[in-house]
Amino acid sequence: MVTRTRFDDSECPVARSVDAIGDWWSLLIVRDAFDGSRRFGEFQRSLGVAKNILTARLRTLVASGVLESVPASDGSAYREYVLTPRGKALFPVIVALRQWGEQNFFAPGEPHSQLVDRRQGQRLRPLEVLSADGRRLNPDDTTVHKISAQ
C-alpha cells in the first residue's frame, strides 16, 4: 500500500490546508454540513459514498478540527457531525468553488443549484480578492513571500 504524503509541517498554507481537507469527498462532506446534514446516514444518502470511505473521511475531518462529533440533537443514541469554527471558516472556500464551478462547468441556462442570501433571497455577488486598501487583485498583482526558518 502506498503511504500518503503528509503536508502538516509544510511552510505553505495551501499544502497544510489540503492536508487537513484531503480530497473531494471531504469537501463535499463540508458542503453538505453547510447545507444542514448532520448524521452519517444523511451524508451517505446525499453523496452516495461507500460507508468505509465516509467513515474514514469523517474521522479525518474530526481529527483535523473541521467537524465535531456530538450527541444527537434528538436525544437518540446516534452521533451527529457539526462544523466547528475551523470548519465554518471554510465557507468562503466552498463559495469560491461553487462560483468557479458555475462559471466553468455549466452551459449558459443549464440548471444547477444556487446559493442565495437567506434574508434577501438573492444570489451572492462573485467573491473578490482585495488588497489591504480595497483594490481588486488578480494573480499577477500578488506574490508569495517565503518565510525563512530561523
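Me: At 49% relative accessibility, how does Arg135 count?

Reply: Buried means under 20% relative accessible area, exposed means over 50%, and partly exposed lies in between, with a 1.4 Å probe and protein chains only. Arg135, at 49%, therefore counts as partly exposed. This is a predicted model, in which local features need pLDDT of at least 70 and side-chain atom pairs count only at pLDDT 80 or more, while totals for chains, interfaces and linings use all residues. Residues are numbered from 1 along each chain as its sequence is written, and side-chain values use heavy atoms, with hydrogens and water left out.

Me: With which residue does Arg135 form a salt bridge?

Reply: Side chains of opposite charge can pair when their charged atoms come close. The criterion for a salt bridge is a side-chain nitrogen of Lys or Arg within 4 Å of a carboxyl oxygen of Asp or Glu. Arg135 pairs with Asp133, the closest N and O atoms being 3.1 Å apart. Asp133 is exposed, with a relative accessible area of 56%.

Me: How many salt bridges does the structure hold?

Reply: There are nine. One of them joins the side chains of Arg38 and Glu80 at 2.8 Å, N to O. This pair links distant parts of the chain, 42 residues apart: Arg38 is in the loop between α2 and α3, and Glu80 is in strand β2. Helices (H or I, at least four residues) and strands (E, at least two) are DSSP runs numbered from the N terminus. Arg38 is partly exposed at 33%, whereas Glu80 is buried at 3%. Both residues belong to a network of salt bridges that links Arg38, Arg39, Asp74 and Glu80.

Me: What should the 13 residues of helix α4 span, at 1.5 Å a residue?

Reply: The expected span of a helix is 1.5 Å times one less than its number of residues. For α4 (residues 51-63) this gives 18 Å, which agrees with the 18 Å between its end C-alpha atoms.

Me: Which residues of α4 are buried?

Reply: An α-helix has 3.6 residues a turn, so residues three or four places apart point the same way. In α4, the buried residues are Leu54, Leu58 and Leu61. Seen down the helix axis, the buried residues of α4 fall within an arc of 65° (taken from the directions from the axis to the C-beta atoms), so they line one face. The face turned away from that buried side carries the exposed residues Asn52, Arg59 and Ala63.

Me: What follows α4?

Reply: The helix is followed by Gly65, whose phi is positive, near 80°.
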